[in-house]
Amino acid sequence: MIRAIRGIEPDRRQIMSTTTPRLTRTRRGAGAILLASLALTGGGAMAQQAWPAKPIQVIVPLQVGSAADVATRVVVARMGENMKQTFIVENHAGVSGLLGAERVARAAPDGYTLGGITDSVLNYAVNLSDKVSFDPLNDFAPVSQMANIAWVLVANSGFGAKTVPELLAQARARPGKIDYATAGIGSPHHIAMELFAAGNGASFAHVPYKGATQATTDVAGGQLPMMFSAVSVALPFIKDGRLRALAQPNEQRSALLPDVPTFAEAGAHVFRFSTWLGLYAPKGTPADIVERLHAEVAKAVADPAVRERLAALGLEPVSSTPAELGALTREGYARVGQAIRSAGIKPQ
């Protein structure tokens, strides 16, 4: 209790001046403790909220100009515009895409390294290599599909066989003597031709390249007579007359190739073949980042300009949930592995 001395009231302003700093220091101290606690317990969440704070690298494990490369660039370019952030696409080809895919799998799971990876890598190449250093089913966080890829059997315009029946007649007359190009051992180009040959009682000579772009260029140039190719890669050469499209491994003719028959229409063994492209992150990438990426892919793929661009290249724009892409990867791995074993295809 404060008493008046000699009739003088205590100066209340002085009382406040001596007690307020103590209160202020106490509050500041509590605030500092609270901030420190948040930094320790919620720092990760705060950092994730700021994502993306810098450019995002997207690794494509196949050559420049491949279907996966073209589609990835179209989709992430629009994602970058929508997200107001830069996406840098880097091609890291080699060993049928296994080198680049491994780099994605081993990257820091922080949302700043992604992979535009096809089933040609995660389903085909891994089933035909005994030196895979990553787990295609468990070392990635699936984000979303980006495109389905249509295929076509093409031959150099100067090659003697003008139709599938003519090609099969020549192959049966000269087993193993007609060369075909692929993007590498275990690539979808390789698997498609082997399945086609096995289903039609024919055999061809495999000439593997280190990527689809150079293989297609050489077939168009006449160095090799034929190959299976993604429509997006072969289409320019088909249009300029250097490649002849023999048949499409689809149920229906593509709108881009309305005059090219399906294999069933061409009188060959019924043969269907297609591949797909997905966006993946390293395993352990935070779920909120994966969900944000998934939403951005869906938004980009739904954009009319993106859809028109992909369709014009022979690519079907499509998105999926992370769970759906994961299931697609697992199912494809099992199905392709069985097809490879049934056809007796082995590494060369």
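Of the 348 residues of the chain, 48% count as buried, where buried means under 20% relative accessible area, exposed means over 50%, and partly exposed is in between, with a 1.4 Å probe and protein chains only. This is a predicted model, in which local features need pLDDT of at least 70 and side-chain atom pairs count only at pLDDT 80 or more, while totals for chains, interfaces and linings use all residues. Residues are numbered from 1 along each chain as its sequence is written, and side-chain values use heavy atoms, with hydrogens and water left out.

The chain has 11 helices and 10 strands; these are DSSP runs, H or I of at least four residues for helices and E of at least two for strands, numbered from the N terminus. As for contacts, meaning heavy atoms within 4.5 Å, residues 24 or more positions apart account for 78% of those with a separation of 6 or more.

Next, the largest pocket. The method works on a 1 Å grid over the protein atoms alone: a pocket is an open set of points where a 1.4 Å probe fits, with protein on both sides within 12 Å along at least five of seven lines, and lining residues have an atom within 4 Å of a point. Grid points are joined across faces, edges and corners, and the volume is the space filled by probe spheres set on the points. The volume of the largest pocket comes to about 540 Å³. Its lining has 36 residues, and nearest the centre lie Val95, Ser96, Ala183, Gly184 and Ile185. The elements giving two or more residues to that lining are α2 (67-83), β4, α6 and β7. By type, the lining divides into 19 nonpolar, 14 polar and three charged residues. Here Ala, Val, Leu, Ile, Met, Phe, Trp, Tyr, Cys and Pro count as nonpolar, Asp, Glu, Lys and Arg as charged, and the others, Gly among them, as polar.

Are they buried or exposed? Val95 counts as exposed because its relative accessibility is 52%, whereas Ser96, at 18%, counts as buried. Ser96 touches Leu62, Val121, Ala125, Gly184, Ile185 and Ser187, not counting residues up to four places away in sequence. Ser96 and Ser120 are 24 residues apart in sequence, and their C-alpha atoms are 8.0 Å apart in space.

Gly184 brings us to Thr182. A polar atom of the Thr182 side chain lies 3.0 Å from the backbone nitrogen of Gly184. The polar contact criterion is a pair of N or O atoms within 3.5 Å; within protein, one must be able to donate a hydrogen and the other to accept it, and residues adjacent in sequence count only if both atoms are side-chain atoms. Thr182 belongs to strand β5 (residues 179-182) and, with 0% relative accessibility, counts as buried. Beyond four places in sequence, Thr182 has contacts that include Ser187, His189, His206, Pro208 and Tyr209.

Now helix α5, residues 164-173. Which residues of α5 are buried? Val164, Leu167, Leu168 and Ala171 are. An α-helix has 3.6 residues a turn, so residues three or four places apart point the same way. The buried residues of α5 pack against β4 (140-156), α6 (188-199), β7 (226-230) and β8 (243-247). At the start of α5, a side-chain oxygen of Thr163 comes within 3.3 Å of the backbone nitrogen of Glu166.

Val301, in helix α9 (residues 287-302), counts as buried at 2% relative accessibility. Its contacts, leaving aside neighbours within four places, include Val75, Met146 and Pro317. Gly332 and Asn123 are 209 residues apart in sequence, yet 5.9 Å apart in space, C-alpha to C-alpha.

Last, the backbone at Pro52: a cis peptide bond joins Trp51 and Pro52, with omega about -5°. Pro52 is in the loop between α1 (12-49) and β1 (56-60).
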